[in-house]
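Trainee: I have just opened this one and would like a walk through it. Can we take it topic by topic?

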Amino acid sequence: MARGTLINLATRLAGVVAVLGITALTARISTQAQGTFALFISVEGVLLALLSGFGVALARRVSHHGQQPRALVSAMVLACLGLGLVAAGLLWALSAWGPPAYSWLWLLALAAPLLLVAPNLAGWWLGQGRMAPMARVSLAPPCITLALLLTLWALGHSGLPWVLAAWVAAKMAVAVAILWVFWRAARLARPDFAALRREWPFIATIGGTNLISMLNYRVGLFVVERLMGLSATGVYSIAVVVAELLWFVSGSLTQATYGRIGTPDATRAAATTVRVLQLSVVALLLAAPLLALLAWALVPLVLGADYANSLLPLVVLLPGALLFGGASALSAYFTNHAGRPQVPAQVAALSLLVNATLALLWVPIWGLVGAAAAASLSYAFSVGLLVWRFARHANLPLSAVLLPSAQLRADLHSMLSRRPAGR
């Protein structure tokens, strides 16, 4: 578990460096350019979330059922390509007839048929708990994008169109590469659409859950764009990007233990979930103040004085983001072990309702701080509800979930002494 977490964390840190590099280049163009880029990748995130159930279903087949479903993989690839074509048409229409802020979505439409392939096929390795190949899949797009942008900059080409084009080209290249890897490894067989149909209720539920969660992360950004404009969106997006860096820490630990959380053994699954939850919270409690201090020192220096207005919203966002990141193991428990993705879906829906309502009320009054406060409060609400649902399902007292345990002390001692627990 430690090795997988370290691989994941190192990968995510490298990805953060690449994403921050892309953000710095974009933010330096203008706050409007940064706002447009933030909306662009947010729409992409909504699309990926809606159609992410294929990868989670594949991971569950591998981890929970112990299968290597090559025929199901082929059916999923064809389904992703077909749904990507439908999404391409919708994105094209939105770019042509939607608000001006979304006029660049025709570029995303070009990539849509391939956009869903890589993140969903990564479910094969997620189910096996193999972090190295997953690391390559997640790290490649931002690194390729940054390399392309630096090359273009050296050639004298800069501006928002080049940023968006490089982002799309990188996503398409990774999709083609991962299809080639699966074909060479004989992980594709004659498509079994009947197996895919049997998985469809689970896939649809996962997609709905992830869509609601993604909207919950981004609803404040969309509200700011509608009420305050693209420049304000660009500034607020920096607060969001920095606050969500916390989730790279907790996400690394959850992803490394995803297969273990999915074990059919209910006692082991619940114990692993509590262990990951508590470790994540401790790690984020240490990381959050450091992140705030670094942002306060570096954001105006690296991005420009205009982005200093993102720092107060960031401080307001961090407590909610800390709690929300710590609870990622709970969603994995309900999805992978219990096979009940509707539970995190219901919690996320309530959180989205709270977030959107408060943002619409508070942004006109407090501006960017209002959006941040709405998000932070909704995250805290959703975590509290999810902890309660988990404790009931696992037949555990709330104190066993919330209070530091002997296992947490052993894990921390093991980490600090750099030797495995029990030796």
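**Loops, salt bridges and surface**

Mentor: Let us start with Asn 395, which sits in the loop between α18 (368-393) and α19 (398-402). Helices here are DSSP runs of H or I with at least four residues, and strands are E runs of at least two, numbered from the N terminus. This is a predicted model, where local features need pLDDT of at least 70 and side-chain atom pairs count only at pLDDT 80 or more, while totals for chains, interfaces and linings use all residues. Residues are numbered from 1 along each chain as its sequence is written, and side-chain values use heavy atoms, with hydrogens and water left out.

Trainee: Is Asn 395 buried or exposed?

Mentor: Asn 395 is exposed, because its relative accessible area is 69%. The cut-offs are under 20% for buried and over 50% for exposed, with partly exposed in between (1.4 Å probe, protein chains only).

Trainee: What is the phi of Asn 395?

Mentor: About 55°, a positive value, although Asn 395 is not a glycine. That residue comes just after α18.

Trainee: And how far does α18 reach?

Mentor: From first C-alpha to last, its 26 residues reach 38 Å, close to the 38 Å expected at 1.5 Å a residue. The expected span is 1.5 Å times one less than the number of residues.

Trainee: What about Ala 186, where is that?

Mentor: Ala 186 is in the loop between α9 (160-184) and α10 (193-228). Its phi is positive too, near 55°, and it is not a glycine. Ala 186 counts as partly exposed because its relative accessibility is 45%.

Trainee: Switching topic, how many salt bridges are there?

Mentor: The whole structure has four. A salt bridge here is a side-chain nitrogen of Lys or Arg within 4 Å of a carboxyl oxygen of Asp or Glu.

Trainee: Which residue does Glu 44 pair with?

Mentor: Lys 171, with the closest N and O atoms 2.3 Å apart. Glu 44 is in helix α2 and Lys 171 in helix α9, so the pair ties together parts that are 127 residues apart in sequence. Both Glu 44 and Lys 171 are buried. As for α2 (residues 31-50), 16 of its 20 residues are buried.

Trainee: Which residue meets Glu 199?

Mentor: Arg 61 does, in a salt bridge of 2.4 Å, N to O. Glu 199 lies in helix α10 and Arg 61 in helix α3 (residues 53-63), so the two link parts 138 residues apart in sequence. Glu 199 is buried, at 9% relative accessible area, whereas Arg 61 is partly exposed, at 23%.

Trainee: And Glu 244, what is its partner?

Mentor: Arg 218, at 2.7 Å between the closest N and O atoms. Glu 244 is in the loop between α11 (230-243) and α12 (246-256) and Arg 218 is in helix α10, so this pair ties together parts that are 26 residues apart in sequence. Glu 244 counts as buried at 15% relative accessibility, and Arg 218 is buried at 15% as well.

Trainee: Last one: what does Pro 99 touch?

Mentor: Leu 94 and Arg 226, leaving out residues up to four places away in sequence. Contact means heavy atoms within 4.5 Å.
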